[in-house]
Amino acid sequence: MALLPRLRQLMRRQRSTSRVGTRRPSETRRYGDTVHEDALRSMLHDDPNDARAFDALAELVRRRAAEPSTEDPLTAPEEEADRQQEADLAVWSLAEELAGHPKAWRPLLELGRLSVAEDPEGASRRFATAAARERSGAALAESLQVLRDAGMPVEALGLGIGHWRVREQTPEVGRQLVLAALEAERVHEAKQHLQTLAEHSDDAAVAAMRPELEAAVAAAESAEATPGSPR
């Protein structure tokens with residue numbers, strides 16, 4: 001069963017009123033995991049964008065959800081794909097819980113990453129919200145990378161152009177836009193984004209990424225100029 005339909009089924013069930021930072025009891029939970037989870041939830045209650053705490057808690061709930069069930073010894077072992085889906089659902093639930101914080105953006109990135117294959121429009125909305133909440137451009141750059149990895153460079157361009165503030169945000173956003181434009185076969189647009197990067201105040205960071213980007217643009221221009229070359 002696909003992730004999003006499964007989530008819709010789960011959402012129709014009676015939901016707990018638990019809040020971020022509260023303990024979720026489990027008969028099979030190890031005491032050490034419980035203490036660790038409570039500590040991580042407390043950290044994320046204070047800062048839902050704490051990358052180390054989020055990754056650690058996501059790994060904890062993912063590992064627990066992926067553990068084979070031992071309730072019925074006569075039941076056939078779960079398929080690996082089913083365990084992976086249960087793990088994704090657990091992380092989705094965690095990210096959805098944390099995303100309710102008005103300043104949360106990292107959980108929105110995780111929701112977007114988990115849903116981009118099945119719900120690209122919904123993922124793009126989550127990425128846009130994350131980009132609007134996070135001022136440095138880190139969330140935007142990561143969102144563009146996820147969209148590019150999903151084979152959606154045009155969507156990455158739309159998101160990036162709508163949110164990029166070149167003088168205020170990490171130059172990595174510009175790098176992602178140049179690469180997205182090349183993947184979308186918009187070489188002229190890639191050159192424009194590369195030119196815009198020169199306006200960034202971090203000359204050293206821009207200089208470090210220029211050789212890679214200039215080489216990629218030059219290769220794309222060469223391919224365009226060669227008759228019969230693949231586009």
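These legends describe the fold of one predicted model and several close-up views of it.

Local features need pLDDT of at least 70 and side-chain atom pairs count only at pLDDT 80 or more, while totals for chains, interfaces and linings use all residues. Residues are numbered from 1 along each chain as its sequence is written, and side-chain values use heavy atoms, with hydrogens and water left out.

**View 1. The protein chain has eleven helices and zero strands.** Helices (H or I, at least four residues) and strands (E, at least two) are DSSP runs, numbered from the N terminus. The order from the N terminus is α-α-α-α-α-α-α-α-α-α-α. The chain has 231 residues, and 41% of them count as buried. Buried means under 20% relative accessible area, exposed over 50%, and partly exposed in between (1.4 Å probe, protein chains only). Among contacts with a separation of 6 or more, 61% join residues 24 or more positions apart. A contact means heavy atoms within 4.5 Å.

**View 2. Helix α6 covers residues 120-133.** Its 14 residues should span 20 Å at 1.5 Å a residue. The expected span is 1.5 Å times one less than the number of residues. The end C-alpha atoms of α6 are 20 Å apart, which agrees. Gly122, Ala123, Phe127, Ala130 and Ala131 are the buried residues of α6. They pack against α5 (106-115), α7 (138-149) and α8 (153-163).

**View 3. Helix α8 buries Pro153, Ala156, Leu157, Leu159 and Gly160.** The partners of these buried residues are α6, α7, α9 and α10.

**View 4. Helices α9 (residues 172-183) and α11 (residues 203-225) have axes that come within 10 Å.** The axes cross at roughly 15°. Axes are lines fitted to C-alpha atoms, for helices over the stretch in contact, and angles run from 0 to 180 degrees between N-to-C directions. The two helices are therefore roughly parallel to each other; angles under 35 degrees count as roughly parallel, over 145 as roughly antiparallel, 65 to 115 as roughly perpendicular and the rest as oblique. From α9, the contact uses Glu172, Arg175, Val178, Leu179 and Leu182. From α11, it uses Met209, Glu212, Leu213, Ala216, Val217 and Ala220. By class, this contact has eight nonpolar, no polar and three charged residues. Ala, Val, Leu, Ile, Met, Phe, Trp, Tyr, Cys and Pro count as nonpolar, Asp, Glu, Lys and Arg as charged, and the others, Gly among them, as polar.

**View 5. Glu185 sits in the loop between α9 and α10 (187-197).** Glu185 is not a glycine, yet its phi is positive, about 60°. Glu185 is partly exposed, with a relative accessible area of 37%.
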